[in-house]
Amino acid sequence: MGRAPLPILTNRPPAPKPPSPAPSPAQQPKPEPQSKPSPSPAGAGPVRPNFVIILTDDQDLLLNSSHPAHMPLLHQHVAGPGLALRNYSVSTPTCCPSRLSLLTSKFVHNHNITANYLPYGGYERFGQMMMAGAQQQGSQGPQGPRQQGLGLDSSWLPTQLQSAGYNTYLVGKFLNEFTPAGAAGCPRGWTALDALVDPWVYTYFGPVFSRDCDPQLQRYADTDYSTDVIRDKGLAYIREAVSSGRPFFLELAPVGPHEACTQGESGQWCGDPLPAPRHAGLFPGAAIPSTRSWLTPFPDPALTGKLQPPQRASNGSVIGPYLPPSVRRLKQRQRARLQSLQAVDELVRDVVLELAAQGVLENTYVIYMSDNGYHMGQHNANAGKYMPWEEDVRVPFFMRGPGVPSGLVSDYPAAVVDVAATLINLAGLPLPADWDGYPLPMHRLTPPGAPGLDPRPWQWEPSAAATASGYFREAVPIEMWVFQPGNSCHKLNYRSVRVCSNYLAFGSPAAYQQAMVDAVNNAGSTTSGGSGGAAAGSTLGLGTLLFGAASRDAAGDTLGTSLAPLLSAQQQQQQGQQQGRQQQPAVGTCYKYNIWCWGPRELYDIGLDPYETQNRFSDPQAQRLIGRLDALLNVMGYCRGARCREAYGAILATAAAGSSSSSSSSPGSSNVAGGKMVVANFSDLMDPKYDTLFAELPRFQFKKCSPALIPSLNEAAWYRGE
């Protein structure tokens, strides 16, 4: 990229010691010390909570890397005492775009960092956009006064929290290809930005850091393991933050289980992730769930021809057919990924123990999540990400903290943009108008009378009409512009929408219930040496808790291992509510609607087909459904701010304007009547009275496959935002 060489400090500062030696996962973890609440300053208002996010890299949910058998400390210290969101998803399954969506609460079509590398992504592209807009003199960055534009760091999460009196820290992987020279100034909002530096981000051993974009780098010894260094730095920042007496936000971003690379992600060599030496012998029987999609290509040649291309020489000539994945190599990769996560598991434990030792655990929200998922052999593809498949977009999400009942499980379809919005809400701050996410409605998901729930921090609604209607998130856009020149996946672009609803298009509630039970019982091996059955769970109890929550026992633990207890509990609850009248439990599903830039369209009913093997796009029963999904794909693909929190109004506004080409209206203007939303959920949208509207709306179209988001050149859409 033409960067000047950066000086390196080979004599690194000593790393702080963890609170206790790091035992192997097989050892019995220590109990958490008794925590005491943080004192309030004299005359101050309510104490604002602290926040810790532990963000892993490329960690799957559905291949069970976060299963209790593989990460017991995570489950003991965060998942068990808190909330598991089994249906949480990212909107763009690749690192840099997703990490920015987390911090900005903007979908990728709004922050426009669409790739991991220049010219469309990476830290240098972020730096260009950070400085975009009107320049103002004298802005104070970590390195002193500088010019600061009104760019992506002007209203993102760290800036919002810092303005409210928080200390804010990030340790580990920040954005792809980060170097101190990558931008004209250092991003705003950080008390300390202690970031891994490219090209040493993925070496696992001998990590290199820059604090606050300092060109004098801190290089650690080749025997120092990256995750352990990140842990030690994080513990030191917790102590620093507590001693300051201010609330704090800390993001810890280890690189596990991302593959190891010698010269950055696009460098000389990339291979299996590297574990800490103390974990190198673990999981000799590591397995991958042998689901219906595993090693099974799509039947549509229009998909397989692009997704599984033939082998080519450097001059582009075909030299052989597509090389399918090696089962031996996939299992080797799975084992290495699980091994690399053991140090992360220990990091989780040590962070929670340190918070308790400092007396702030009971006033701290701890969130565990990943930037995107990962597939290994699904649909006959080799190991990777980028795809709209469930394995790539569904990731672990666990949260503990004040007001979160212990052992709670929900299938609520939260999205990556909702995380920052949730934290802002819990901090008692107003939601920025240009953010796309909205807070978790925990006060309405949780069963009445759940022990430990304090509804006050969670009470938030997007509008008065939504409050009256009981609005929840249902739709998440999935959008990808793959920029990988020389790679077979280059320009494999798509637009998708994932909609979760109680509307059942293809069967009775009993059929969906049975499909979920069958999918769990036939999920295949998920833990080392496992062979399906009750120990499976690579699919979830999807739909039964879409807009509710239950205890771990009733929900089938954290991975939907058995739906029978949940169905029984729901049956009993509804019988009580209906004064003894027997009624079927509420059941729902999620629909996935994909449009690929070269033409193919897909529709999957995840409740009936959790492994996405039955494309229903041509099913006559699906046509009314497709009209609605296509309209939502268009609106969610172009929405901004409040419209992303209430997408149905854009569709109804078009009808109110009397023209299918109109798209200008204030949010919800034609979707409110009598103080309530006319269309409060997707089931309302399926009302036959809207059939004519959707028959008249033009379908979304790609004009061509482009390397980035260029809407006017590569997309034909009736809705372009407001």
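Predicted model: local features only at pLDDT ≥ 70, side-chain atom pairs only at ≥ 80, totals over all residues.
1. The largest pocket has a volume of about 1300 Å³, and its lining is made up of 41 residues. Those that lie nearest the centre of this pocket are Asn 382, Ala 383, Asn 487, Ser 488 and Cys 489. The elements that contribute two or more residues to the lining are helix H7 (301–307), strand S13 (311–312) and helix H8 (327–357).

2. Asp 198 and Pro 199 are joined by a cis peptide bond, for which omega is about 10°, and Pro 199 sits in the loop between strand S7 (192–196) and strand S8 (208–211). The peptide bond from Gly 256 to Pro 257 is also cis, with omega near 0°, and Pro 257 belongs to the loop between strand S10 (248–253) and strand S11 (260–261).

3. Asp 58 is not a glycine, yet its phi is positive, near 65°, and its place is in the loop between strand S2 (50–56) and helix H1 (72–79). Because its relative accessibility is 3%, and buried means under 20%, Asp 58 counts as buried.

4. Lys 491, although it is not a glycine, has a positive phi of about 65°, and it is located in the loop between strand S18 (475–480) and strand S19 (494–501). Is Lys 491 buried or partly exposed? With a relative accessibility of 30%, Lys 491 counts as partly exposed, since that class lies between the buried limit of under 20% and the exposed limit of over 50%.

Technical notes
Residues numbered from 1 in each chain as written. Heavy atoms only, no water. 1 Å grid on protein atoms, 1.4 Å probe; cavity = no way out; pocket = protein on both sides within 12 Å on 5 of 7 lines; lining within 4 Å. Points joined across faces, edges and corners; volume = space filled by probe spheres on them. Helix = DSSP H or I, 4+ residues; strand = E, 2+ residues; numbered from the N terminus. Buried < 20%, exposed > 50% of the residue type's maximum accessible area, 1.4 Å probe, protein only.
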